[in-house]
Amino acid sequence: MADRIKVRQIRSGIGFERNQKETLRSMGFKRLNQVVDLPDNPAVRGMIYTVRHLVELVEGAGTQTGPRRAMARRGSE
């Protein structure tokens with residue numbers, strides 16, 4: 001597993017449950033299209049899973065697994 005993982009916020013947390021908004025904030029997101037560099041560990045993977053419809057993995061992040069949305073977006077290019 002890679003040591004770091006890069007995640008981009010692609011959708012706003014407005015209109016979603018409070019815990020999802022708080023998860024985005026705890027991951028370090030403050031605005032759309034912002035990319036944050038996070039440690040690749042089970043806790044962060046769980047946060048990504050919680051907001052998988054709002055974020056995507058950034059290309060070249062050095063990881064093979066991640067949210068389905070990120071994988072779907074890569075395949076459609």
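Predicted model: local features only at pLDDT ≥ 70, side-chain atom pairs only at ≥ 80, totals over all residues.
Strands of a sheet pair through backbone hydrogen bonds, either parallel or antiparallel. Here the pairing is antiparallel, and three strands make up an open sheet whose order is β2-β1-β3. The edges are taken by β2 (35-39) and β3 (55-57), each of which pairs on one side only. From one strand to the next, the twist averages 35°. Strand β1 (residues 4-9) is joined to β3 in the antiparallel sense over three bridges. Within this pairing, R8 has E56 of β3 as its bridge partner.

Next comes the empty space around the fold. Rolling a probe the size of a water molecule over the atoms shows where empty space is left. The largest pocket has a volume of about 150 Å³. Its lining consists of Q9, S12, G13, I14, K21, L24, R25, F29, K30 and R31. By class, the lining residues of this pocket comprise four charged, three polar and three nonpolar. Which element gives the most to the lining of the largest pocket? Helix α1 (residues 18-27) does, with three residues.

Finally, the aromatic rings deserve a look. A search of the whole structure for aromatic pairs returns zero. A ring does, however, take part in a contact with a charged side chain: R52 lies over the face of Y49, at 4.0 Å from the ring centre. For a charge to count as sitting over a ring, CZ of Arg must be within 6 Å of the ring centre and within 35 degrees of the ring normal.

How values were computed. Residues numbered from 1 in each chain as written. Heavy atoms only, no water. Phe/Tyr/Trp six-rings, centres within 6.5 Å; stacked < 30°, edge-to-face > 60°. 1 Å grid on protein atoms, 1.4 Å probe; cavity = no way out; pocket = protein on both sides within 12 Å on 5 of 7 lines; lining within 4 Å. Points joined across faces, edges and corners; volume = space filled by probe spheres on them. Helix = DSSP H or I, 4+ residues; strand = E, 2+ residues; numbered from the N terminus. Nonpolar A, V, L, I, M, F, W, Y, C, P; charged D, E, K, R; others polar. Pairing = 2+ DSSP bridges. Axes fitted to C-alpha atoms, helices over the stretch in contact; angles between N-to-C directions.
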